[in-house]
Every structure is written in structure tokens, then in C-alpha cells.
Amino acid sequence: MTGLPDLLRFQNGEIVQRAADWPRRRQELLEAIVPLEYGGMPPAPRGTRAETLHACPTRHLAGGRFITCRVMAEYERPFTFLLYLLVPPGAGPFPVILNGDACWGYVTDEIAAAVLRRGNILAQFNRVEIAADMREAGRDAGLYPYHPAATYGALAAWAWGYHRCVDALAHFDCVDMARIAVVGHSRGGKASLLAGATDERIALTAANDSGCAGAGCYRHQGPGSETLADIVGRFPYWFGPQLAAYIGREAELPFDQHFLKAAVAPRRLLTTEALGDLWANPSGTWLTHEAARQVYRFLGVEERIGIWYREGGHGHGQADWEALLDFMDWQFRGHPPVLRYDLNPFPAA
Ligand code: GCU
């Protein structure tokens, strides 16, 4: 249909016949995409500790508690970074939305209060503590010196950050470990999608305007959309070293971005998109969504994958967060959906 590599056929050509075969096919998908596109994942630490550094009430944020926590990944030398929790009143356990984009500061008090009012914890970390988002920073800082022979790029390092936060969340009684959602915007959404695809503890994966190397599509470039040449040219340090070889040969890539989406299945997946964000390839994103949805349908959980488009341009604002919160209430609490998460705005595509 779309010319995208088949998700429901094993590499040896056999068709995936039964839901019980899906974990094996999922593993193949991850092996096709993660090393080549993202340079592999950082090795997991021996363990992860969480040290609470401070806890205090907030006056303005829906009566929540604010907790600062140091996450310590145990390698020969521990690697540490900070995680901030906003916890609603009450004992919980509460679902969590984990966002890695603290470097951007776009989560307004209104957004934070909306997350808490619906009975969710808002957890945030700053992914650039793990790998700087600067081409000139090189590999001498952050997590890279811990694994000098590794080839992972910044997106994989940021996804690793989500995973270590999930480790750390397990230390908190107020956290419901079965209802953890991750989210990120744009390059942060590329990272949250990779994090959710590669960690089955994450119950709901969300990515906003993640585009090229996220929810987008290399084989269908909508008008004005970012290409492999564009992204690798400007941000080579986000990726593994082999990806650049496919510039101009995208049809030969052994994956497209529907592999990453499908690797989330049968767990929940939502991408939120903007029709005016042409750089992020909204029409190509629909195609990878449709392809991944076939897997959800095959597994009998089609309602667990959603996509939501709004008018307007690039950004992660209140409306995008509300779409995620509604989706979470539906998926985690059984509330009837308020929005439609299956509408194709490109009927002719
Ligand atoms: C650039 C980049 C995109 C990225 C975006 C962002 O525009 O080309 O791939 O998603 O920055 O992170 O805002």
C-alpha cells in the first residue's frame, strides 16, 4: 500500500501468523532500526538508585508536592542527574507522565496543574544533562565517557535517560509502575518514542511533533518536510555513524519509522501532530501510523494506538497536553474518549 517494509513478515519471508509470534518479530524490528539509526542503546547500569534531596508543598500547582530526586546509574563511577516530581494530593499510587524536555521549559504552570488535577504525577528531567544538544560538545562529556567504545548518539542517550527515570520511579510508593507514560516534543519526541519502543515497562508512549527520525517517514516526504540529508547534515551527533550512508538511498533503509511505532505494540501509543508543521512531515506521519495500526489490529488492540492532529505549527502547548491527558484517561481509567484518535486529515493520501 505505502511501499513501507512489511511489519508482519519475518526477515526470512515467513508471515507472522499468531499474536504469540509478535515478540520475536518485535525483536527483529528493534534490531533493524536501533543500531543503524540511533547507534544502539547505552549499556544498562548494574542498578539505579534514587535519592530524595528535597520535598515541599506547592501553593499554586493543584495542591501538589514538589520532589527533587537524584538519579544515580551505577557504573564503575555513578552517573547522576536530577528528576523532578510533582505529585497530586493523596497517597496514590498515581499514573505518571515522564517528560525529558526540562531544557526547553515549555511546561507552563497551567499544563502542570492540568496533569495533577487529573490525578497524575508529572515527572521531568533534563535530557541534555545526559548528552549535550550541541554539535561542538563532542563525546567528552555527559554519559559518553562512561562507554568510550559505544556508538550511540544523543537520541539514544536521551532515551536511556527515560529508562533510568523509570528505574528511579520504582523507589516511590506514590507511583503506579503499571501506568507510566513518556512524552517529549520534537527532538525530545524522537527520544520518547525510542524510549517507549525499547522498554516494556513503559505503558504508554507519546511523542509530539517528532517528525523525521521520530513518528515521520523517510519513504514519504510530504511538502517541505525534513529529509535524512537535512537532519544528518545538521545533527549528526543525534544518530549512529552508519545512518549517513543512506542519504539519497532511503528506499534501501532496512526500516522506516513505522518499525519504531510498531515496537511499542501491544502497549499504548499516541502521537500528537500539527498540520502546519510541514517540517515534521504530518502526511508521512499518517502513513507510518496506518502501517503500525495494522499490527495493533493484528494483536486485537487497535484502540491502543492513536494519532491526533491540530491546526497550527510546531509546538507542545496546552491543547497537545490535553489530547494526551484525555487519551490517558481513556487508556488507563476507561473514561470514554473525548477526542477522536483515528482521524485521517489526508484522505487522498
Ligand atoms: C530541528 C530539527 C528537527 C527537530 C526540531 C526540534 O528543526 O531539524 O528534526 O525535531 O529541530 O527539535 O524542535
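I shall begin with the helix and then turn to the rings.

Please bear in mind that this is a predicted model. Helix α2 spans residues 109-117, and its buried residues are Ile-111, Ala-112, Ala-113, Ala-114, Val-115 and Leu-116. What covers these buried residues? The cover includes the strands β3 (79-87), β4 (94-99) and β5 (121-125), as well as helix α8 (318-333). Just after α2, Gly-119 adopts a positive phi of about 80°.

Now to the aromatic residues. How many aromatic pairs does a search of the whole structure find? The search returns 21. One of them joins Tyr-144 and Tyr-152, a stacked pair with 5.5 Å centre to centre and 20° between the planes. Both Tyr-144 and Tyr-152 are buried.

Phe-327 and Tyr-341 are both buried.

Ring pairs also build a cluster, which comprises Tyr-75, Phe-79, Phe-81, Phe-125, Tyr-146, Trp-160 and Tyr-162.

Finally, I turn to a charge over rings. The charged end of Arg-127 sits over the ring of Trp-104, at 4.7 Å from its centre. The charged end of Arg-127 also sits over the ring of Trp-158, where the distance to the ring centre is 4.5 Å.

Thank you for your attention.

Terms used
Residues are numbered from 1 along each chain as its sequence is written. This is a predicted model: local features need pLDDT of at least 70, side-chain atom pairs count only at pLDDT 80 or more; totals for chains, interfaces and linings use all residues. Side-chain values use heavy atoms; hydrogens and water are left out. Buried means under 20% relative accessible area, exposed over 50%, partly exposed in between (1.4 Å probe, protein chains only). Helices (H or I, at least four residues) and strands (E, at least two) are DSSP runs, numbered from the N terminus. Contact means heavy atoms within 4.5 Å. Rings of Phe, Tyr and Trp (its six-membered ring) pair if their centres lie within 6.5 Å; planes under 30 degrees apart count as stacked, over 60 as edge-to-face and the rest as tilted. A charge sits over a ring if NZ of Lys or CZ of Arg is within 6 Å of the ring centre and within 35 degrees of the ring normal.
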